[in-house]
Amino acid sequence: MRRLSRASALSLMLALCPAVGAQVEIRGEPAARRAVVEQVGVEGVLIRPEGMSAAGVPVLAGWDRVRSVSGAMSTAAVPFLPIADAAFRARTRLERGDIPAAAPLFEQLYLAYQAGKGPTAAVVAEGTLRCRLSKGETAEAVWPWLSWIDARKPAADELRADWIGGTLDRAALADDGTDLVPALAPIFLPDERTAALRDDPRWSRFESGDRVVTALAMLYQAAATEAMKGSPVSVAPAIRAAGEHAGVRFVAEIVKAVSADAGERREARVLLTERMNGVWLGADVRPARAAWIEAWCRAGIGRSLLKEPDIDDRRRGVIELLHVPARFGDIQPRLAAVALALAAEEMHLSGDDTAAASIVFELRGRFPRDPAAGWEGLAAIPQPTEGRPPR
């Protein structure tokens, strides 16, 4: 599907049938509150609640919220009604926790809306993101996350994108202050999934457009490249694009912490330590927010120290990494599994296979279904055969 710009999406709507005599019924709203249709288009239905003056600001309702369109706009709405039905069924299935039933619908819709703007695209991207994260598809979740941020960047007040509701925890998915997803840390293992992420041609789609989305895409591509032992990638272009954005700065520090330059690594570790100690949080010290930020910082600092030539630094790095499963394993299971895998690999490389085997035993005991448990980087570490931790 060709990407529609904000202006062209609105132009498309304006080019369609006139609003005279057109009404829309919104799901969950009583019939008495039916709204008057201003425009109909791929992004949704621009509506003006009955009784609102012509000077009032209309609202763009996503197709997942639309039950029917009648009157003069009914013919224009016909091509979008299958989308409305599929989006509604996907959203409501996800809201009641039925991910196996919701995921195929979201994946099908995401093919059409991955480059879209507005509420329909936002709901589709959010649903796809939630489903992929629930299945442990971390690398694959990067794409709907970037699409979701992009879709929620409004061109005007009327382009409003609501969150998926129901029983889902909004705060558990994303952090309003940074646009980051706590379950999607920019720290990857060198495996097939990360290689596919690094080489995916979809990065080019984010080279222009919203500067925050562009910067975050650049940094996550750099993180995947570094994980695959690729050429060092500078964070400077991302900082230039949106360096004042809190999420961009945070991710840039984590990526910079594994730079090829020792001075840059030290500088990044200082910044991450300050964040971890509360300098960055300021007045916002909600425990849940502080927890995921510290987990990311610990993992970033630990992985950075593994890059140092000194054995004592690398041992400190292992300790930092082990903070993540020890203290944050329940809220950061994916990052905890990655931290255990990296710590085990380091102990093996330093010659302590007993410690390495103990860490792998914990990894496979606590996170048996995480891809890190089967990571090929652990294959050379001897494992006990009797099901007991090595001594």
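This is a predicted model: local features need pLDDT of at least 70, side-chain atom pairs count only at pLDDT 80 or more; totals for chains, interfaces and linings use all residues.
Q: Is Asp-179 buried or exposed?
A: Buried means under 20% relative accessible area. Asp-179 has 17% relative accessibility. Asp-179 therefore counts as buried.

Q: What phi does Asp-179 have?
A: Most residues other than glycine have a negative phi. Asp-179 is not a glycine, yet its phi is positive. The value is about 70°.

Q: What distance separates the end C-alpha atoms of helix H15?
A: H15 has 17 residues. At 1.5 Å a residue, the helix should span 24 Å. The distance between its end C-alpha atoms agrees: 24 Å.

Q: How many of the 17 residues of H15 are buried?
A: H15 is mostly covered. Of its 17 residues, the buried ones number 13.

Q: How far does helix H4 reach from its first C-alpha to its last?
A: H4 takes in residues 99–113, which is 15 residues. At 1.5 Å a residue, 21 Å is expected. The reach in the model is close to that, at 19 Å.

Q: What covers the buried residues of H4?
A: Several residues of H4 are buried, among them Ala-102, Leu-105, Phe-106, Leu-109 and Tyr-113. Their cover includes three other helices: H3, H5 (118–134) and H6.

Q: Is Ser-147 buried or exposed?
A: Ser-147 has its place in helix H6. Its relative accessibility is 2%, and the limit for buried is under 20%. Ser-147 therefore counts as buried.

Q: Which residues is Ser-147 in contact with, leaving aside its neighbours within four places in sequence?
A: Contact means heavy atoms within 4.5 Å. Neighbours within four places in sequence are left aside. The contacts of Ser-147 are then Tyr-110, Gln-114, Ala-125, Arg-205 and Phe-206.

Q: How many aromatic pairs does the count come to?
A: Rings pair if their centres lie within 6.5 Å. By this rule, the count comes to eight.

Q: Why is the pair of Trp-63 and Phe-80 stacked?
A: Planes under 30 degrees apart count as stacked. The ring centres of Trp-63 and Phe-80 are 5.3 Å apart. The pair is stacked because its planes stand at 20°.

Q: How many residues apart are Trp-63 and Phe-80?
A: Trp-63 is in the loop between strand E4 (59–61) and strand E5 (66–70). Phe-80 is in the loop between helix H2 (74–77) and helix H3 (81–95). Both residues are buried. The pair links distant parts of the chain, and the residues apart number 17.

Q: What angle lies between the planes of Trp-145 and Tyr-220?
A: These two rings form an aromatic pair, 4.8 Å centre to centre. The pair is tilted. The angle between its planes is 55°.

Q: Which helices hold Trp-145 and Tyr-220?
A: Trp-145 is buried, and Tyr-220 is buried too. The two residues are 75 residues apart in sequence, so their pair ties together separate parts of the chain. The helices are H6 (residues 138–151) for Trp-145 and H9 (residues 211–227) for Tyr-220.

Q: Over the ring of which residue does the charged end of Arg-27 sit?
A: The charged end of Arg-27 is 3.8 Å from a ring centre. That ring belongs to Phe-88.

Q: Which residue in E2 does Val-24 stand opposite?
A: Strand E1 (residues 23–26) pairs with E2 in the antiparallel sense. Two bridges make up this pairing. In E2, Val-24 stands opposite Ala-35.

Q: Which residue in E5 does Glu-25 stand opposite?
A: E1 and E5 run antiparallel. Four bridges join them. In E5, Glu-25 stands opposite Ser-68.

Q: How many residues of strand E2 are buried?
A: E2 has seven residues, 35–41. The strand is largely enclosed by the rest of the structure, because the buried ones number six.

Q: What percentage of the 391 residues in the chain is buried?
A: The chain has 16 helices and five strands. Of its 391 residues, the buried share is 52%.

Conventions
Residues are numbered from 1 along each chain as its sequence is written. Side-chain values use heavy atoms; hydrogens and water are left out. Rings of Phe, Tyr and Trp (its six-membered ring) pair if their centres lie within 6.5 Å; planes under 30 degrees apart count as stacked, over 60 as edge-to-face and the rest as tilted. Buried means under 20% relative accessible area, exposed over 50%, partly exposed in between (1.4 Å probe, protein chains only). A charge sits over a ring if NZ of Lys or CZ of Arg is within 6 Å of the ring centre and within 35 degrees of the ring normal. The expected span of a helix is 1.5 Å times one less than its number of residues. Two strands pair if DSSP finds at least two bridges between them.
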